[in-house]
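Open the model in your viewer and keep the selection tool ready. This tour goes stop by stop, saying what to select and what is there.

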Amino acid sequence: MLLLTLIAAFIPATFAVKCYTCSWSPKDAPNRTVMCNDEFFEGNAIAISECDNGCQTYVHMDRNGAIEQVRRSCLQPEDEMTGNCVSEENKAFSAKRCTCNYNLCNTGAPVYTAASYALLFLMAAHVLQVLNRV
């Protein structure tokens, strides 16, 4: 019983994912933050954070479609995990938020393949098998 309690205490930590953490705006273009932008994305030069709720990439554009900001970060608890991209538009701006929940998924171009979902399913099945043995 003690072993099961210890395993249950550490389960939330095992579901944390690693996410790229950076932001870029055209005003910052001369410095290294340009690597956060999709066009020049370089994952090996960007900070990585452990995130409990998943990852997100947020792109904010002006009303003419010019990018004002790109932000990659941990998904906040109040934001919805959709596993895809959701767009928002009004007269002043447009924005796109892409969310995902596997390691380093908030790269330059979000890719969601059947293989990634199959891997997630297999990992979950393995965890359940281990827990059933306890």
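**Stop 1: Cys85 and Cys98**

Select Cys85 and Cys98: the torsion about the S-S bond of this link is 105°, and the link is right-handed. Cys85 sits in strand S5 (residues 85-89) and Cys98 in strand S6 (residues 93-100), so the bond ties together parts that are 13 residues apart in sequence. The S to S distance of this disulfide is 2.0 Å. Keep in mind that you are looking at a predicted model.

Now color the two cysteines by accessibility. Which is buried and which is partly exposed? Cys85 is partly exposed, with a relative accessible area of 33%. Cys98 has 5% relative accessibility. Cys98 counts as buried because 5% is under the 20% limit.

**Stop 2**

How many disulfides does the structure hold? There are five. Counting bonded cysteines along the chain, their pattern is 1-5, 2-3, 4-6, 7-8, 9-10.

Select Cys19 and Cys55 next. A disulfide joins them, with an S to S distance of 1.8 Å. Cys19 belongs to strand S1 (residues 17-24) and Cys55 to strand S3, so this bond ties together parts 36 residues apart in sequence. Check the torsion about the S-S bond. It is about -80°, so the disulfide is left-handed.

Are these cysteines buried or exposed? Cys19 is buried, at 0% relative accessibility. Cys55 is buried too, at 0% relative accessibility.

**Stop 3: Cys51 and Cys74**

Move on to Cys51 and Cys74. Their sulfurs are joined in a disulfide, S to S 1.8 Å. The pair links distant parts of the chain, 23 residues apart: Cys51 is in strand S2 (residues 47-51) and Cys74 in strand S4 (residues 67-74). The torsion about the S-S bond is -60°, and the link of Cys51 and Cys74 is left-handed. Cys51 counts as buried, with 1% relative accessibility.

**Stop 4: Tyr58**

Now select Tyr58. Find it in strand S3 (residues 55-62). Is Tyr58 buried or exposed? Tyr58 is buried, with a relative accessible area of 12%.

Show the contacts of Tyr58. Leaving out residues up to four places away in sequence, Tyr58 touches Gln69, Val70, Arg71, Ala95, Lys96 and Arg97. Tyr58 and Arg72 are 14 residues apart in sequence, yet their C-alpha atoms are 6.4 Å apart in space.

**Stop 5: the second largest pocket**

Which residues line the second largest pocket? Select Tyr58, Asp79, Glu80, Thr82, Val86, Glu88, Ala95, Lys96, Arg97 and Thr99. Of these lining residues, Ala95, Lys96 and Arg97 are also among the contacts of Tyr58.

Color the selection by strand. S5 and S6 are the elements that give two or more residues to this lining. Which element gives the most? S6 does, with four residues.

Color the lining by residue class instead. Three residues are nonpolar, two are polar and five are charged. Among the names to pick out here are Asp79, Glu80 and Lys96. Finally, show the pocket volume. About 170 Å³ of space lies in this second largest pocket.

Key
Residues are numbered from 1 along each chain as its sequence is written. This is a predicted model: local features need pLDDT of at least 70, side-chain atom pairs count only at pLDDT 80 or more; totals for chains, interfaces and linings use all residues. Side-chain values use heavy atoms; hydrogens and water are left out. Buried means under 20% relative accessible area, exposed over 50%, partly exposed in between (1.4 Å probe, protein chains only). Contact means heavy atoms within 4.5 Å. A disulfide is a pair of cysteine sulfur atoms within 2.5 Å. On a 1 Å grid over the protein atoms alone, a cavity is a set of points where a 1.4 Å probe fits but cannot get out, and a pocket is an open set with protein on both sides within 12 Å along at least five of seven lines; lining residues have an atom within 4 Å of a point. Grid points are joined across faces, edges and corners, and a volume is the space filled by probe spheres set on the points. Ala, Val, Leu, Ile, Met, Phe, Trp, Tyr, Cys and Pro count as nonpolar, Asp, Glu, Lys and Arg as charged, and the others, Gly among them, as polar.
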